Every structure is written in structure tokens, then in C-alpha cells.
Amino acid sequence: MTDVLSPRPATAAPGPAVFRADGEMAALMREVDWAATPLGPVHAWPASLRSTVSTLLASRHAMFLWWGPDLIQFYNDGYRQSLGPDRHPSALGHRGRECWAEIWPTIGSEVESIMAGGPSTWHEDHLVPITRGDRVHDVYWSYSYSPVQDDDGGVGGVLVTVQETTRRVIEDRRVRLVRELVRALQGPGTPAGACDVATKTLASAPHDLAFSLFYLLQPDGRTFRLTAADGLAPGTRSAPETMRISDDTPWPVAAALSAAASDTALPRTVPAERIEREAWPEPVREVVTVPIASAAGTRQLHGLLVAGLNPRVPCDEPYREFVRQVARETASALDRIARERKDREVARIAARAERELLERVFELAPSFLAVLRGPDHRFELVNPAYYQLVGHRELLGRTLAEAIPEVAGQGFIELLDRVYRTGEAFVGNELAVELQSAPGGSLETRYVNLVYQAIRGEDGEVAGLLATGVDVTALVHTRKAAERALVETERLASERDAERQKLLTVLEQSPLAVAIIEAPGGRILFLNSKFAEIFGYAVDLDHFAAYSDHYHGLHPDGRRIGSEEWPIVQALRTGEIITGRILEVVHASGRRVQIDANAAPVRDAEGRIIAAVAIFRDVTAERRTERQLRDAQRIQAVGTLAGGVAHEVNNQMTAVLGFGEFVLRALGPDHPQADDMRLVMRSAERAARVSQQLLAFTRQQVTRPTVVELPELLARLAPVLRQLLGADKQLVTLPAEPVPPISADADQVEQVLINLVANARDATDTGGRVTISLAAVALETELPAAAMEPVAPGRYVRLSVADTGHGMSPGTLERVFDPFFTTKDVGKGTGLGLSMVYGTLRRHGGYVRASSTPGAGTTMDLYWPIAAGPPGAAGSSAGSDVYQLDGSASGAVVLVAEDEPAVRALVSRALREGGYHVAEAADGRAAFEMIDGGAVRPDLVVTDVVMPELNGRQLHDALRARWPALPVLFTSGHTGEAGVLERLVPAGAAFLGKPFTPEALRRAVDELLAVGRSRE
């Protein structure tokens, strides 16, 4: 075509009017010697051709024209961009069949048909491979072929209006593929399953990736193993079964990992062998190797993706980013699988530990214990003491009537029925029951002290019963024997010394402590060895006036027992019969023992008191069990109350804080009442904190344990504690030998320390000192505590906080961990700080032990369980992508389901101010009916967890059954109640605890919509 495009001679006249438009193509057409072409000189052209060319050059839309039998070509500046250097400018004036020879089999039939009088055609996003440079490219076009009439009314040419859509078509196809990949990766539960799903998904779009190989990093951290493949056979040269981290063949593993670490471009590799796929005649030219790693922050490496690229698509940055996105989505799925595996393992270990603890308590309890389920009282748990009581017969899984048929008609089944029906506990002492010592044996009379206590389920209804008690047959027999012996001794005392000696022998061998004193002087006549065992020593005294100098005891209220207050002395002096009096005596070793004291006078035939007898029973373990049961019931009651209170308080505080923010914003910072409004909001925040502290005491706060190094935490927190303590007091942290790490929630450990130092500050005057120390301790035996339960044997890290303050009385010390108990003035404390400390320690499986002396300060010893793994092991978690909205969420439709009117109004207003369209529903059923009936088509649903009709979980499940992709955001005032989250909020669901601010709500909605939009 060089003759066609040869410039005119310098003397040529300016181009004809048809070429008078601006632009490169008009200039080129003016320079062409058209007389040398089949069309002839321009002045001889048909008017329709000149008109069409003029229109073509004036248009900014890409246009192309074939004219005449030779299909001579014209095109404008807009079309020139699509030709590329291969055909521009040579295509101008060229014959069409020759210019487009490689695609004429594709487009030629349409051109010829239109030239023959056929109708116009239209193609949208049509693939027309075109040679550009040294290779064929996949190019997509939206174009029309239209006939152009010549001056005689026939078809003189074909006008093409065209738009290249290659980038959009490829981008849309990749977005759809990534969206399908994200959806498919939600299902697998194993890393191999995730890789298999990824390869199958990628195989469905062969124009995006020629082949894909997924390698997973092995436990040695140095080897990658081929897990899934598409397009290449595993074990071949290009798809080896394993690759090492330092390899550079067949694929550049080391270079890919280095590029990912430094955020440089992915390495592109030319295959060492010819790799062909059916989609194209040419082989694969380029391959990229991409690490499959967690998001920034953890950089946990899961494996590698080796991806072959379409040889007809340039390997530009969007193509490489598409491959990176495939790797990121796969990594996200692998992160999720790792987290789920870890969560299941943690839950399994915790459940097993809790079960083992309960079993140990049951096994070691000296009292008999049995758990019976259902209205027919079927045995679920039984401890050895219970088996011993009933003759070691088969119990588990059988009803009481089936397992112990002889109790029928003795009233015990009726008592169980009543407790199950009413929920009211039954307590009985020295109840006689006829039992077989072995199945089929004879009946024996046993005496028991027992308690029937209702066990309630999560719905508050009675689900079973706890039967606990003590076999007191020996006590009853001994007491009756003692009474008979004393009567016999009184009647025959003067003449039957031998019989008296026999009686004393029986008393000496009794399992109960027995003491006999003489009237009126109080001389001790008899003390058995059990008496010395309880008190630690036995001293013969002539007068009871000096008893308290040797035998030290305390009343239940903590007062010391005077000499005349001992039950045996009262029986001797006043003739009073004393039964079931609980006292605390001090053993010679210093430990305290609780005893059940019984005393009675001995009278002669005339009724004169001649002696007194006392029987003591060590009930320390029994009382401890009862106290622990009461504490558990009390904590359960407070927990039930706390859950309801927290829900209501958090609902109301959500409204107060939200509308308070609106009011404060409307007033402006300089309004006279702005400070008043800020005070209202601070009070609301304090009320919300009180509810959280109460939840902490009842052990309902959500705990995320990690392996914590206490020395590092203490060093990091020391500046904050010193500022909290004040400049007028001294904070001392004692150096200690290395201590092992603990398993705890680091944030909650810091809150515990802050609460203890704040309490110490309030109890310490100016110039005082607060000392914090650490020590590793191993307890071989149980360590008693003045308040709450004793410290169980085991290995701990003891964190001690001691002050030189006012100290506490014994009565205050016993109640120091009770919720709402405080010695501070009104308005200076809620009484929940130490309750929160106690709840946090028990939640972590630890203990807190308080000791104090009035005027000499207080020490709080915290016993934290030692962690099982290395530091950081328990707290590691995979990262995840964080999506940010670019403002496109504005105008989205949000349906708010909330039964509390004030909270519903707040949420709706906050979202409307954020640019959302809001629909409201008073409960879950109303919300579902609005969507199901077509009244609203939301982009997102915000629902409260606890609602009438349908609760939040039921609404979520109903929506997912019909509209699986509809995102749901849960809100609740039960922010600390883990049981609510487990039962009513699906795992991994978006959750926002009350109270929350309008800004926090909008941010949660924005992020949830962004996640959904990024996966579309």
C-alpha cells in the first residue's frame, strides 16, 4: 500500500472538503493519492461515500468503513487506537479481505452478506482474536455492521461502529470467578479440601488460568507438597510432588517468597517445557508463582499457588492482582480452617478438664453424692460413698425405683417427687432407711443426713436433682449407746465399775469425740482419743473455769468461746440439752476445725445433775461442701439476675448514650447545657461499667486466654499503676525468681491489677506503700481462705498485692468478695471491684486469697494456673482482610428488628444520618413478614438477639433459608453472657454489644456491607 499512502507533490492543492476535519486521520486522508486507488479521485466519488467519510472523520466514536467491491477501508481517530502499530496506517485505503486475512473467516461472511443486501448485525462483547505485535491477543468488541447506500440506492459499503470491551469483559469474568471461589471455600473443613475446591473452581474458567497447582507447606517448614492440580498431571516435570523452600526449578519458590516479603512484583517464569491447553493453539508462555499467606500482621505461610497464564492475555498488573486475589482467598479459607480446628481443640480440652474436675470432686467427696435426671429420677452420676451406702449395686442409667426397689413405700421417692415438682430443697437429719447391704441380702436400718436439691436447666425449669448427705448410722448408734450407757452408769455407778469400764472402752473406740465431766466442780472424768484428735491434745483439768485457756474455739460470728459457753459446761450448769450446735475450734497445729457439738446432763434417780456428756463430730469437710453449694447457688442466682439486669441496663444505656450524643452534637460545644449533657453521658457509661463488673463476678464475661508472661505484663503496666496510686504513695515491685507463664486473658489480668491497686490506694494514707510481688508456688494440700473457697492443690504463679493501709476486720474479710458490699462512703464505690477480681480468677481456673489485720494492711494473693504451652501459643490467631467502604454504601437499605422502642429509634436515626434507607420492625416475625411480603428489600438486617415472636437467631435462620447472601448484624445487651452468644448467635456472625454509640453502629454496618460487596 505504499503507493496509496504516498504524499502528494508539493504543488498539490489543499485536500477536498470531505477531509477538512481536524485530527490525524483527516490529515492522513488528505495526503493519500486516492486517484491511484480503485476508488479514483475524490471528486469522482459518489456523494454518499463523501458524506459517510466526512461523518466518520467528524465523529469521536470509533468508526470504520468498507466501500465498494474491493472493500477499501476508511477509519477515524477513535478507531485508530484499536488497530495498533501492526495495521496503522497501512489499513487506510487497503483492501479489507487482505488486511484482515487472519480473522476474515470470522467476520467476512457478515460483511459479504450486508454488501449483498442483508440486514444489519450487532455483537456485544464478542471475542475476536487479533494479532498485535508478535502474538495473538484475545480482544472483545461490541460492534454493529450497517449497510451504507450508494447514490443509486444500492449497498455501497459497510459502516462499522465499534467499542473495544476487552478490559471490562475480562475484569467482570475475574470478579465472578473470585466471588464463586469465595463462596465455594466456605464449605471445606480441611486444608486439602480447600485446595481441591479452589482448583475445581478455577478449572471452570479456563480463559483466566491455563493451569493451577496448589502446594501446602509441610510441618518441617521447608517442604511444599502438591495437594491439588488442574491442567497438569501430578508428578510430571512441571508438577512435581514436592518442592523445597529454596528451589528455583521448575518454579522459582525462593524468588516468590522473597518478592512477597518485600512487596515486589510476582516473579514471572517461562516454562521449561511446552505446556499446551485445548483453549489455544499456542503453548503457555508465562507462569506466576504466588505465596498463599495470611493477611498482613501474621504473615503465616500456608503454601504456594503456581498459575499458568492465558497466552493471549497480557500479564499486566490487573492479571497479577487477580492471581494474588485467588491466593489471598485461599489463604483466608485456610486461616478459617486453622482457627476452627484450634477452637474445637480448645473446647474439647476445656470440656474434658471440666468433666475430670467434676469427677474428681465426686470421687473424693466424703459425703455420698448422686445426680438424678428427669421426673422418674434416673441415676446419671454416683460417687463411691453412695455406692458404699447402697451395697455397690448397678445404678447408672436406672431409675431409683429400679435400682433400689426396697426404698418404695419408705417415703423417699415421694420426697424426690415433691422437690422435682416444686423446686424447693429438702433437708433431713438422721432419717432411717431400710437398705440391702447387697442385692438380694437382708434389710438393714441406716441413718442418713441428706439434702435433696433441684438442678435447673437453661430454661429455669427443674431438670434433675442432687442428692447429697452423710451416713450417720455410726453416730446415731454411738449416741444411743452412749445414752443407754449413761443411764445404766447413773443407775449402777456405785456397784458396777467393771461395766463402767466397758462403757468407757466403747466410748474410747467411738468415731466421735466424747467428753464426760463431773458435777458440780467440772472435773474431767473422760476424754476419748477422738477428742484429742480434734483438738490436738487432751489436758486433765480440775475445774472447767480454765477450759478456754487450753481449748480455743470461736462462735459462728467470730467471737471467742468463753469457758462457760462450751456446750458441755452449759449442760452441766443449766441442765440444757444442746444438739447440732456448730462451733469452730483451733487445733494445736493452728488449723481450724468445725465441729457439730451435742451435750446433755446426766441425772440421778432424784433428778439431780451429777455429770454432763458431750459428743463432737468433725464436720469441717461437710460444712465446706455445704458452703460451696451455697456459694454456687448464690453465684448462680446473682448470675441469673445479672444477665437480666445487664440486658435491660445495656438496652437503656444504648438509648441514653446514643440520643445523648445526638443532643450534645445539636447543642454544640459552647452551649451552656453541653457540660450537663456530658455529665449525663458519663453517668450512663458508669452504669454500663457496673453491669459489666457484675457479669465479671458471675464469671459470664467473654475470656480470650493467651499465654502471658506476668513479669513483662507487670513491667509494662507499672507506669499506669504508679499514676493511679498517686504521687503521695509508693509503688514497689519486688524482684523475683523466674516464674512460668500463665494462661489468662491479658486485658483482664491488667484490669484485676488496676482494681487491686485502686482499692489499696483508697485504703492507704499519704506516705503509704503498695507492694507487688511474684512467686512460683506448688501446693501439696488445700490452702484455706477466709472468704470464698480454699485454694486447691496444684502449681500456680502467685501474684501478691500488699498495702500498708487500714486493714479489715474478720467480719469484713469474710464478705470482701460479695457483690455490692463496700465499706466506702455512698457514691465512692459500687462494691463490684473485688467481686470482679474474684470472678475473673475463678473464670481462669485460679483463686484469690485475702488476708488482713486491722491497722496493719491487707494482702491479696492471686493464684494463676500455669500455662501448658510456650508464650504466645494460646493467643495466636490468623489475620483476615479488612474491607473499607469508599462511600458506595450510602443509599443502601437496612431493616432494623428491635423490640425496645428507644433502641430501635436510636439505631434507625443513626443509620439514616449515615445515608442509609431504614425500615423498622418491632420483633423478628414482623421483620421476616416485611421481607417475605415484599414490603422491603434490604441490603442488610440489624437484629436484636432476644426478642418476642422470633428471636434474632430464628430470624437469621429463616432469612438464610430464603436469602442466603443477605448479611445480618446481631446486637444484644447480653454482652458478657457467653451462653447467650453460643446459643443465639451463629459462630462467626457479626455481633455488636450494647451499649454502643451511633458511630460504632455505622462503622459495623459499613464494614459488614463492605465485606459482602467485596465478595460479590
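Tutor: Two strands count as paired if DSSP finds at least two bridges between them. Keep that in mind as we look at this predicted model.

Student: What makes β32 and β33 a pair?

Tutor: Pairing needs at least two bridges, and five bridges join β32 (residues 893–897) to β33, the two running parallel. Within this pair, Leu-895 stands opposite Ala-919 of β33.

Student: Why are β33 and β36 called edge strands?

Tutor: The open sheet has five strands in the order β33-β32-β34-β35-β36, with parallel pairing. β33 (917–921) and β36 (990–993) each have a single partner strand, so one side of each is left without a neighbour in the sheet.

Student: Which strands does helix α23 touch?

Tutor: Helix α23 (residues 901–913) packs on the sheet against β32, β33 and β34 (940–944). Its direction makes about 170 degrees with that of β33.

Student: Let's move to Thr-733 in strand β26. Why is Thr-733 called partly exposed?

Tutor: Buried means under 20% and exposed means over 50%. Thr-733 has 31% relative accessibility, so it counts as partly exposed. Leaving aside neighbours within four places in sequence, Thr-733 is in contact with Leu-714 and Ile-772.

Student: Leu-714 is in α19, which meets α20. How do the axes of α19 and α20 cross?

Tutor: The axes of α19 (residues 710–725) and α20 (residues 746–763) come within 10 Å and cross at roughly 40 degrees. The crossing is right-handed.

Student: What kinds of residues make up that contact?

Tutor: The residues of the α19 contact with α20 divide into 13 nonpolar, no polar and three charged.

Methods
Residues numbered from 1 in each chain as written. Predicted model: local features only at pLDDT ≥ 70, side-chain atom pairs only at ≥ 80, totals over all residues. Heavy atoms only, no water. Helix = DSSP H or I, 4+ residues; strand = E, 2+ residues; numbered from the N terminus. Buried < 20%, exposed > 50% of the residue type's maximum accessible area, 1.4 Å probe, protein only. Contact = heavy atoms within 4.5 Å. Axes fitted to C-alpha atoms, helices over the stretch in contact; angles between N-to-C directions. Left-handed = near helix turned anticlockwise from the far one by under 90°. Nonpolar A, V, L, I, M, F, W, Y, C, P; charged D, E, K, R; others polar.
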